Structure formats: C-alpha cells, structure tokens
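Hi everyone, thanks for coming. I'd like to walk you through a structure that may be new to you, so let's bring it up on the screen.

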Amino acid sequence: MNDTNADANFDEQMGRIKLITGKRTQVELADLLGVKQSSISDAKRRGSIPANWLIVLMRLNYANPEWILTGNGPLFVSFSSIRPLYKTEDEEADYKAKEKVLRQLPTRMLADELVRRISIA
C-alpha cells in the first residue's frame, strides 16, 4: 500500500472514530482516549490506529473495532449478543469466572488479543 492509500485509509478510520465519539478535534479525541494530542499526530504519521484506542472506544462507546478499521460490520457491538447460552449452571459459573479475569486484564493485553482476532477473521 502506498503512502497516499495509507493516509486515506487512516483518515477514513479517524473519520469513523470522530463520528462514533462526536469529537471534532485531535485535542478532544486525545482527552477521550486518555492520550496526549501528540499521540494522535504520531498515529497519523504511522498511518495506523493503535489497538489500545480500539479497546477504549469499544469500552466507552461500544464501537465495533472492525467497523472502525474497515468500515464493515455494525457500528456498535452488543456484548449481550455474544454471550453464549449455557447448558448447565457449572458452565455459566465458569464463564462468569473467566469474564471476571478478562475484565481485570490490562488494556494492552486486551488490545493485543483484539488485533489477533481481527487479523484471523
């Protein structure tokens, strides 16, 4: 992908992020993401959205990371729609225990897993 395509792709992704968050400026967006404004400029220079931003946007706005990156799929994720049905109470208890552990993981680990899953899909 040449630099022009990478720039256009990044601009499209940032446009989707601004749409979903209602933020118009890099300063507003940086505040929402908990980063410095220079981090937004650095991401633009690299031409890629950091994975931890996708996690923050998913947690705060229920934004679908796939939609942000590609424009495909639904705008929002519904966590209740991905919760499996359980056959037994033991299965449900096991799921809830694993979910509790996941909620305590650092954002970086969750971001790495999200990127891994998106790249497989």
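Let's begin with helix H4, residues 51-61: 8 of its 11 residues are buried, so the rest of the structure largely encloses this helix. Please keep in mind that we are looking at a predicted model.

Which residues of H4 are the buried ones? They are Ala51, Trp53, Leu54, Ile55, Val56, Leu57, Met58 and Asn61. And what do they pack against? Their partners are helix H1 (3-21), helix H2 (26-33), helix H3 (37-46), H5 and helix H7 (107-120).

H4 is followed by Tyr62, which has a positive phi, near 55°. Leu75 sits in the loop between helix H5 (65-70) and helix H6 (89-104). Is Leu75 buried, partly exposed or exposed? Its relative accessibility is 34%, so it counts as partly exposed.

Let's zoom out to the whole protein. It has 7 helices and 0 strands. Its C-alpha trace spans about 55 × 25 × 25 Å along the principal axes. Of the 121 residues, 26% are buried. The protein exposes about 8,400 Å², and carbon and sulfur atoms supply 53% of that.

Last, a word on charge. There are 18 positive and 16 negative side chains, and the centres of these two sets lie 3 Å apart.

Key: Residues numbered from 1 in each chain as written. Predicted model: local features only at pLDDT ≥ 70, side-chain atom pairs only at ≥ 80, totals over all residues. Heavy atoms only, no water. Helix = DSSP H or I, 4+ residues; strand = E, 2+ residues; numbered from the N terminus. Buried < 20%, exposed > 50% of the residue type's maximum accessible area, 1.4 Å probe, protein only. Contact = heavy atoms within 4.5 Å. Areas by Shrake-Rupley, 256 points an atom, 1.4 Å probe, with all protein chains shown as cover. Lys, Arg positive; Asp, Glu negative; His and termini not counted. Charge placed at Lys NZ, Arg CZ, Asp CG, Glu CD.
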